[in-house]
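Let's take a quick tour of this model, starting with a loop and moving on to a pair of helices and the confidence scores.

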Number of protein chains: 2
Amino acid sequence: LRISELSRQTGVPVGTIKFYLREHLLPPGTPTGRNQAEYTDVHVRRLRLIRTLTVIGGLDLASVRELLINVDDERVSMPGLFEVVDRALFRDDLATGGGVDGGQARSEVDGLIDRIGWRVEAHAPSRRRLAQVLVALQRLDATCGVDVFAPYAAAADQLAMRELELLSPAAEPAALATRADRAAAIARTVLLEAALVALRRMAEQHHLADRFGA
Amino acid sequence: LRISELSRQTGVPVGTIKFYLREHLLPPGTPTGRNQAEYTDVHVRRLRLIRTLTVIGGLDLASVRELLINVDDERVSMPGLFEVVDRALFRDDLATGGGVDGGQARSEVDGLIDRIGWRVEAHAPSRRRLAQVLVALQRLDATCGVDVFAPYAAAADQLAMRELELLSPAAEPAALATRADRAAAIARTVLLEAALVALRRMAEQHHLADRFGA
């Protein structure tokens, strides 16, 4: 494919593709002339992944770069890859400090995760995020306990198990080790997160309209 | 409260508070001297709402401003307020065009919402977002249909109903008309969305570790 065709197939402007090439987010094409190069389906897929991460996932380029390095590095395990997703998606928050240390809330969150029985890295940004959310909820309503999260955790658990089936229908872990499958797994988790958020907003609009009139 | 005390109670730096005052995101305090003003709990709550929207919700200041105007405007209904949340949280995406028109995907999404029976504004950004997600999922796997969203919709429906109980335990719609309750409703939806996303990430990490080894 010429760069113009790559642009047409993905809807990404040529200028943006050149920017990604300069930033090494996209591997170079095969040179075919002084100012020309040939691109392949690998480039199409990589461009689509970048757009999914930025447009749907809202990631900045530094986070996209970190994720792509880990997608390409086959020494990184699948669980390790998803820890990077977790870190990448909370980067902004971590950079700005986030506001609370939340010692008490953090213990409550850790207790909840233990009771559910999830094995989650001790330093996972999601734990800290959940403690921040709990502190903020308790400021709105002092009686709010960590169990407010229980139905969300139950839903998350079910959806995560289902996603794992999508990832690996053949129940063949080795299949996930290829770069293309790792990239697809990352894209899918970002996409389904966006779907879940969008559906929750629609459900809220519906039930609010139902109760309060449209 | 003096501004220094307001800063101490909320963890927001004095310079940031002054910025919010200049930007009219925070109402002015009552002047008590040439360069001094007195602040109240109203300011504490408003500051915490702004931080929830920016730090947890990831909103930019333009979106925060639009939301606060609608929180303060009691002619805006609760469902209307949540439509503003939906718009505010997708602002970035709408500005950048989002990439797909997705006519076919959009019809499939509209069909799904109809089958579920949700009444959702025809122009809700969430519909468009879901269509974008479907297009991207189909690029990863051409056999993927809109029904991939069904379990997410079911979970979202249950969680939204539960949240409505949190919002209005006395089942008294009028109670939601006050500015403080409207602000709390907005904060709660942003916070619980963040909680759901964080819990889903943890569930994924757990189930991946379970299958692929940590």
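A:Gly58 sits in the loop between H3 and helix H4 (61–72) of chain A. Helices here are DSSP runs of H or I with at least four residues, numbered from the N terminus. At 58% relative accessibility, A:Gly58 counts as exposed (exposed is over 50% relative accessible area, with a 1.4 Å probe and protein chains only). A:Gly58 and A:Leu192 are 134 residues apart in sequence and 14 Å apart in space, C-alpha to C-alpha.

A word on ground rules: this is a predicted model, where local features need pLDDT of at least 70, side-chain atom pairs count only at pLDDT 80 or more, and totals for chains, interfaces and linings use all residues. Residues are numbered from 1 along each chain as its sequence is written, chains are lettered from A and ligands numbered from 1 in the order in which they are written, and side-chain values use heavy atoms, without hydrogens and water.

Now the helix pair. The axes of H1 (residues 3–10) and H3 (residues 41–56), both of chain A, come within 10 Å and cross at roughly 45°. The partners (contact means heavy atoms within 4.5 Å) are these:

| Helix | Residues in the contact |
|---|---|
| H1(A) | A:Leu6, A:Gln9, A:Thr10 |
| H3(A) | A:His43, A:Val44, A:Leu47, A:Arg48 |

As for confidence, pLDDT is the predictor's score for each residue, from 0 to 100. Chain A has a mean pLDDT of 86, with 88% of its residues at 70 or more. Over residues 94–99 of chain A, the pLDDT is below 50. The predictor gives the complex an ipTM of 0.88 and a pTM of 0.89.

Terms used. Axes fitted to C-alpha atoms, helices over the stretch in contact; angles between N-to-C directions. Helix = DSSP H or I, 4+ residues; strand = E, 2+ residues; numbered from the N terminus. Buried < 20%, exposed > 50% of the residue type's maximum accessible area, 1.4 Å probe, protein only.
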